[in-house]
Amino acid sequence: MVPILGRTLILLALLSASAGALVALATGARPSAPGWLWSRRLAYAFAGCMLLANLTMEGALLGHDFSVGYVAHVGSRSVPAWVSIVSLWSSLEGSILFWGLILGLYIAVATYRNRDEHAEYMPWAVGIWLVCGAFFSFLLAGPAQPFATVADPPLDGPGPNALLQNHVLMAIHPPFLYAGYVGMTIPFGFACAALFAGRLGEDFLRPLRSSLLLPWIFLTIAIVLGGWWAYEVLGWGGYWAWDPVENASFLPWLTATAALHSALLVERKGTLKAWTLTLIAATFLLTILGTFMTRSGVFNSVHSFTQSAIGPTLLVFLAGALLLSVALLALRIDALESGGGLTPGISRDAAFLGQNLLFVLFTFTVLLGTVFPLVMEAFRGTQMSVGRPYFDQMAVPIGLALLLVMGIGPALPWGRATGEQMRRALLPPLAGATAVAVAGFLLGVRNRWTLAALLCGGFTAQVTLREMLLPVRQRMRAHGESFTLALRSAQRRGRRRFGAYVVHAGAMLVIVAIAVSSTMSTSREVLLKEGDATTLGAYTLTFVKAEAVREPHRESLRARLEVVRDGRSLGALFPSMNFYERQREPVGTPAVRSGLVEDLYLSAHNIDPAAGTVALLVLVTPMVAWIWIATAVMALGGLLALWPRMRESTAPARSLSPGPAPALEVVR
Amino acid sequence: MRSVSPAQGAAPRTAVNLKVLAAGAAVVLPLLAVLALNLGRDPRAVRSPLVGQPAPPFSLPSTGGGAPLALESLRGHPVVVNFWATWCVPCIEEQAALTAAARSLQDTRFVGIVYEDEAAAVGQFLASRPAGYPTLMDPGGRTAIAYGVAGVPETFFLDADGRVVEKHVGPLARSTIASLVARARGAR
Amino acid sequence: MIAFVLALVAAAAADPQGATDPGPPAGPPLSGAALDVRTEEAAALLRCPVCQGLSVADSPSSMARNMKQEVRQKLAAGYDQEQVLASFERSYGEFVRLRPPLRGANWLVWLGPAAFLAAGGAVLLRTLRRPRGSQVRSAAARADDPAPLPEDPRLAQAIRRVRAMAGGSPPDLSPARKTPP
């Protein structure tokens, strides 16, 4: 019963998406009111079917209905309810179903919000969105079918992958990731619409930008959540290993960030339209590539789903999307350029271009490193690895350059900067740079790269603060307002700009925190017997005993360690090893004590209650918590920048139509 | 919603920008080719670089005590080196085939090396199911590392001069053993 | 400490795998804190064969720990990092090295980013030097340009100043009028 219901819903989704795509694309080519109406209805139908299908699956998971193929694959009676809920995205078919849900919701909302506007673009956009929707419905109907009927339903299932049950971050990382990843389909649709229509009008920039910013916020959070999960769960003490699947999530973030900045230049100078659309298309294509990387089994990765049949299908879709994008750009690029020029020489324009170049360089490098082993395998038959040492080595100079540009760009004026202006803009922040670097040096930083990061970070911090407070100071001077009042009104009126600088502040903190935490950590590996103690830094750890804990879905061996710092007891930490029924090697869960200054990280291998020993890895890493906090700051800044979208009541500064602007109807 | 006049909706007709097309093709086509060529390949199946090379020597203690067995002492005969463990189900399944082959292929020497297991468990296992050929312990896994073993069962077929002829990953059937030993014999 | 070193050396000498060494040890034997540091460094460059991507330094698996011990013993015997990495490469293949060694086609992955930067930088400089308004503009594109400045010079100047403050002076479409009102 339930499998049939699910399959029917998927088929209906496929039908409405396919029909809707055809209708919408036809309406784009030959506009008509009924065409647009039916495009919208079919889009909503697609979303509705996906929603119902997902609810059906969740119901089956919570109800342990093992007649449904996917539930038989990942369900289990012995796991807690929250694990059952998150099992929806724990394995391949369910994750595609979840993708369909997010896609449906995004399409429905984007269609609804723009139903009365941008008539020349919207049908094209809906058409492209529904093509994607149809593809994913096709996957669900065929190669990645979650609602297969199980002829002989088992009494119980194996439960999801053990690693995924270990920590609650498992519950929130994938939804954020999907909200970011899938959300990039919307700006792609808009970009294709602009290309089909042959123009990118100023009125269309706003939805294009907002539809890019919202998934960007989710993706930023998701990437760092993934790192946080790796840190809290995997037990090796780090948060980023440049694993192909991690890179898959990072690549679209890089091009999306570049696109957001490039879109700003489109808005201000009317130029770089085709480049911005290229970046947006690249972002979407990288999400499809990322999906391919994760699910095709072609890449060797910790996270990847097992090899599956959907690899070739995804590759065909990727090929189609790539070729369509290239064709559209080649056909329309000459029509798009408006010839508005960039300021020659050194100016903020140049900094924007430099930043774009760096982001694209970063994308190229990460992509090259990830794909290179495949190239060698395909063309020379040799198997080699491009691992963390390569990526770290490449990422550090690029990251530092980005940090510096983030400070230089906002400092420079928009127009051509005279020597005097440059001096006034770029010299004072050097004070901040030196202050931060010296502070770091006094606190023990000796690594050259970390000191460079502190220099650039201090520079950027001062510039960002100055720019953030500039409108506040202007208001205080012009209107005599108090600081708080000026801050509030400046933030209300210039929210986008303010939000952008909040994001910059967060990004600066993230880069500095990464630089410090990756070079300043201390570690020790010891074998302790009951009663033994070890010290690292200011911490003294005493191994009290090892105990076994039995839970319904796993058995844990915990080591109890008493923590003392500078004579004060900080309680006990319990690094553990979890044994799941289906896995030979246990899953180690580290115990982490996070602080603003530093983290104490304990990871235990080989807990032996009988012999009373534990092999312990102790890490003290400074500024790790800052990474998570700064990411929250970035997300907050993004939300601030997004907010005016909700209350759009004022017209943009420039007029759109070639007629007398209302602002110019001044009494002479 | 207001209707759109056809003139506004029609897209301008422009020529194809060949530079963009060429650049796009230059990026897209090689990428697709690389991805397509790699489909179907198991990224975890790594080919051994030892094939054709002299086999790493070892001198390891035998389970149940006695003098250590050195690979050198087996020179002049084809050798089958099988890495296994008691917790590995396919290893247990293939033991019968290996034992039978050891009995029938008289001039071939069979050696079992234990991978990441405890002597007690191994002793217990062999007491009930003797292998019919020497089983060696590998302290610290150093021999496994030297042979590039990443899992069990993995079996190496050496010729009479001590060169590795083939590395087989996964459980063995009698026919496979016979054909690979024949290859090792014929390789000198 | 000396006993420990001697024991290590003895173990290395009695090493049953002696013949896999790529030549005699290149440097002096290491011990103590230096040995720990160098072991971590070398282990970070080796890929754990059973873990999909983690380095030997980071992986908690028993295979990785055995490999790390092997690295430590080799370094203690005096082999340098390259020799240690090469010996693992003999057993596992090039796949076990996390940093692609500088030979053959691997140069592509090391020089690729620099080449890209050079090419991109050239394009960027050309874009910044290109004179304004030299591109063909379609009617639709022209429609997106900001409105021309009004006739009134005071108004034009005020608007220009507002636009500059808002960020970004559009191409100056009308000559600046400096005549007094």
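This is a predicted model: local features need pLDDT of at least 70, side-chain atom pairs count only at pLDDT 80 or more; totals for chains, interfaces and linings use all residues.
View 1. Chain B contains six helices and seven strands, which follow one another along the sequence as α-α-β-β-β-α-β-α-β-α-β-β-α. Among contacts in chain B between residues at least 6 apart in sequence, 72% join residues at least 24 apart.

**View 2. The cis peptide bond of chain B.** B:Val152 and B:Pro153 are joined by a cis peptide bond with omega about 0°. B:Pro153 sits in the loop that runs between α5 (142-146) and β6 (154-158) of chain B.

**View 3. An open antiparallel sheet in chain A.** Four strands are arranged in the order β1-β10-β9-β8. β1 (522-529) and β8 (591-594) of chain A are the edge strands, each with a single partner strand, so one side of each has no neighbour in the sheet. Neighbouring strands of this sheet are turned by 15° against each other on average, direction ignored. Eight bridges link β1(A) to β10 (residues 613-622) of chain A in the antiparallel sense. A:Glu525 has A:Leu617 of β10(A) as its bridge partner.

**View 4. A:His64, a non-glycine residue with positive phi.** Phi of A:His64 is near 55°. This residue lies in the loop between α2 (33-62) and α3 (69-74) of chain A.

View 5. A:Met623 is found in the loop between β10 and α21 (624-642) of chain A. With 23 C-beta neighbours inside 10 Å, A:Met623 counts as buried.

Notes: Residues are numbered from 1 along each chain as its sequence is written. Chains are lettered from A and ligands numbered from 1 in the order in which they are written. Two strands pair if DSSP finds at least two bridges between them. Helices (H or I, at least four residues) and strands (E, at least two) are DSSP runs, numbered from the N terminus. Axes are lines fitted to C-alpha atoms, for helices over the stretch in contact, and angles run from 0 to 180 degrees between N-to-C directions. Two residues are in contact if their C-beta atoms, placed from the backbone, lie within 7 Å. A residue is buried if 20 or more other C-beta atoms lie within 10 Å of its own, exposed if 12 or fewer, and partly exposed in between; C-beta atoms are placed from the backbone.
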